[in-house]
Amino acid sequence: MNLFNYNGFRFSINLFLCLNSVLHLVLLPFNPALAVMCYKNVLISAVLAYAVSLHRQNRPIQFNLTTAQRMLNQIDAQYLIISAFFLFFGFINALFLVPLCLYGAFGLVAAIKSMRPPPPMTSTLELYMQKLLAKQTEALLYAASIEVMLGFLLLFGVFTGSSQIVTGLVYWNFFLSARYRTSKATGFVFGQLRRSLDSVFHHRYCPAILGMVWDRLVGFLRDFASR
């Protein structure tokens, strides 16, 4: 396997990302310092992988507003920026590893399938790859659910003092709003969440004032996400 072409790089970087994700969770109870290093390795891997992918998709890159807006609507740019932001500010939350690891696993499979000649594989590995691809829709919905869950945890952390305000603002104002606009899975998760909460706040036993506050909040978040 040639590690010096794009597919070789994509295979190596996504394998490194997935392995460090697992190591972070395994080492966290026994060696927190080493677990933090593995977490940073995941973020560095994600930044490199998404930067190279973004460059390949947008060659030649033109430095103008139209190009920047088009790139920011791509998942690679969204995860590149938020991963670099978390790396720079030292934000650590194991939940963020879940979507990174899922997308890394799909990148790993895509790299293997794109290699020419294809690398030798056992029937068991091929079976696992087929099962992963068959579950891609469910995996994307799960990743979107984690994105939304992390957003609410950060919001809760801002009020309790466990998260920095700037982290919550960047995550909601840039990342989640961009995912809501460009990802059908994230939009679906938000829609499901809204319908569930609508049934609570508009229940006949719920005070009308709470329902009114909820409707105002939904309107504010909709306007906020569409900016």
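Colleague: How many salt bridges does the count come to?

Modeller: This is a predicted model, in which local features need pLDDT of at least 70 and side-chain atom pairs count only at pLDDT 80 or more, while totals for chains, interfaces and linings use all residues. Residues are numbered from 1 along each chain as its sequence is written, and side-chain values use heavy atoms, with hydrogens and water left out. Side chains of opposite charge can pair when their charged atoms come close. With a salt bridge taken as a side-chain nitrogen of Lys or Arg within 4 Å of a carboxyl oxygen of Asp or Glu, the count comes to 2.

Colleague: Which residue forms a salt bridge with R179?

Modeller: R179 pairs with E147, their closest N and O atoms being 3.3 Å apart. The pair links distant parts of the chain, with R179 in helix α8 and E147 in helix α7, 32 residues apart; helices are DSSP runs of H or I, at least four residues, numbered from the N terminus. Both R179 and E147 are buried (under 20% relative accessible area, 1.4 Å probe, protein chains only; exposed is over 50%, partly exposed in between).

Colleague: And where does the pair of D198 and R194 lie?

Modeller: D198 and R194 lie in helix α9, and because they are 4 residues apart there, about one helical turn separates them. The closest N and O atoms of this salt bridge are 3.5 Å apart, and R194 counts as partly exposed at 36% relative accessibility.

Methods: Helix = DSSP H or I, 4+ residues; strand = E, 2+ residues; numbered from the N terminus.
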